[in-house]
Amino acid sequence: MAAGTVSRAAVIYLLSVLAPGGPGLMAGRGNELVLPDGAGLPRESARAATGACCIGNECLGPRTEEDCGVLMGYWYEGFDCTTFVCLVETGSLPEDHSRAYPIPSLPFSAAIYTRWALPGAPPGTCNKAGVTQMQNDVWFVYTPPQACSVELTVAYGLYNGLTVVRAGPTCATSIEIFCLNADPPDGEDRDTVSFPAAAGTTYWFQIGKWGANSGGGMTLFLLQAPTPRCPGDMNCDGRITFTDIDLFVESLGGESAWVHSCRWLNADCNRDGRVTFADIDPFVALIGTTCP
Ligand SMILES: [Ca+2]
Ligand SMILES: [Ca+2]
Ligand SMILES: [Ca+2]
Ligand SMILES: [Ca+2]
């Protein structure tokens, strides 16, 4: 049956009958979370969730927080060691651009302890006026093989941090494209930015402490390439068709019950960040269309 040959009302009726919980259900959580739970810094949580466990430079995991605690490690909920590195040993710090840590592929995340990192130039345009170096700075570098949208998040543990993003083949010839020092009012200092990254362009990330005095501490660095969302396409075949209906219905059961690789949030067809019955009408309207 081709898309569009069944009436809109019939599809809506079908969805309301099939949907778990019936009409009025509000499924799952919103999409306001940018970081995996606990991405701020290691924290005390009694839940049996798993995460990456850093012991020195070694990443173990996924492990539960309890297991990691027994090993006296730092625990990062929601991460696993395939995309996560632990950089805490003084001798291995990527101190300057010549020693910048090369990011192999995205998603990439790292926990790095910068307390003993040395200051370096340049200071960053959003640093304190008059300073000539960035305190406790460490460096990462990434060259995307193809054009993509990247999402950077840096969380600073108990210090006032800043991050500079530079673009260019070498550090000397690169130019600053972002200087991030948001200082959110909630007290947890972190910076985040999304930008289109060009294929073959080298991006440098310099992370340090704001101001003239040294400080630093545990720092979390995340670089991700979120795939563009296609509302309504629940099987990620690039089209919104009748084959998406069953999966759309399933999505109303909430993200925790979603076991498919295609994004659960594709069911958010009215783009309000949630998956609810309010998405049924917009979903039906999308049937027969293709992803942008
Ligand atoms: Ca340094
Ligand atoms: Ca800051
Ligand atoms: Ca589809
Ligand atoms: Ca929605």
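This is a predicted model: local features need pLDDT of at least 70, side-chain atom pairs count only at pLDDT 80 or more; totals for chains, interfaces and linings use all residues.
As for the overall make-up, the protein chain holds 4 helices and 15 strands. It runs to 292 residues, of which 38% count as buried. If we take contacts between residues at least 6 apart in sequence, 70% of them join residues at least 24 apart.

One part of the strand picture is an open sheet of 5 strands, in the order 6-8-13-10-11 and with mixed pairing. Its edges are strand 6 (101-102) and strand 11 (175-180), each of which pairs on one side only. Strand 13 (residues 203-209) is well covered, with 7 of its 7 residues buried. In general, side chains in a regular strand alternate between the two faces of the sheet. Here both faces of strand 13 are covered: Tyr203, Phe205, Ile207 and Lys209 are buried on one side, and Trp204, Gln206 and Gly208 on the other.

The partners of strand 13 can be followed pair by pair. Strand 8 (residues 135-142) runs antiparallel to strand 13 and is joined to it by 6 bridges. Within that pairing, tryptophan 139 has glutamine 206 as its bridge partner. Strand 10 (residues 161-167) also pairs with strand 13 in the antiparallel sense, over 7 bridges, and there valine 165 sits opposite phenylalanine 205. Strand 10 is in turn joined to strand 11 by 5 bridges, again antiparallel; valine 164 stands opposite cysteine 179 in strand 11.

A further open sheet has 3 strands in the order 3-2-4, paired antiparallel. Strand 3 (58-64) and strand 4 (74-77) each have a single partner strand, so one side of each is left without a neighbour in the sheet. From one strand to the next, the twist averages 30 degrees. Strand 2 (residues 50-55) and strand 3 are joined by 5 bridges and run antiparallel, with cysteine 53 opposite leucine 60 in strand 3. Next along from cysteine 53 comes cysteine 54, also in strand 2. Cysteine 54 has 29 other C-beta atoms within 10 Å, so it counts as buried. Cysteine 68 is 14 residues away from cysteine 54 in sequence, and the two are 8.1 Å apart in space, C-alpha to C-alpha.

Now for the interior. In soluble globular proteins, nonpolar side chains tend to be buried together. The largest nonpolar core in this chain has 41 residues, and Ala111 and Phe221 have the most contacts inside it. Strand 9 (residues 148-156) gives the most to this core, with 5 residues. Leaving aside residues up to four places away in sequence, alanine 111 touches Cys54, Tyr74, Tyr76, Cys86, Met218 and Leu220. Apart from this core lies another, of 15 residues, among them Ile245, Phe248, Leu252 and Ala267.

A few backbone details deserve a look too. Most residues other than glycine have a negative phi, and most peptide bonds are trans.

On the phi side, asparagine 136 isn't a glycine, yet its phi is positive at about 55 degrees. This asparagine 136 belongs to strand 8 and counts as buried because it has 28 C-beta neighbours inside 10 Å. Aspartate 183 has a positive phi too, near 45 degrees. Its setting is the loop between strand 11 and strand 12 (190-197). With 14 other C-beta atoms within 10 Å, aspartate 183 is partly exposed.

Methods: Residues are numbered from 1 along each chain as its sequence is written. Chains are lettered from A and ligands numbered from 1 in the order in which they are written. Two strands pair if DSSP finds at least two bridges between them. Helices (H or I, at least four residues) and strands (E, at least two) are DSSP runs, numbered from the N terminus. Axes are lines fitted to C-alpha atoms, for helices over the stretch in contact, and angles run from 0 to 180 degrees between N-to-C directions. A residue is buried if 20 or more other C-beta atoms lie within 10 Å of its own, exposed if 12 or fewer, and partly exposed in between; C-beta atoms are placed from the backbone. Two residues are in contact if their C-beta atoms, placed from the backbone, lie within 7 Å. A nonpolar core is a set of buried Ala, Val, Leu, Ile, Met, Phe, Trp, Tyr and Cys residues joined through C-beta atoms within 7 Å.
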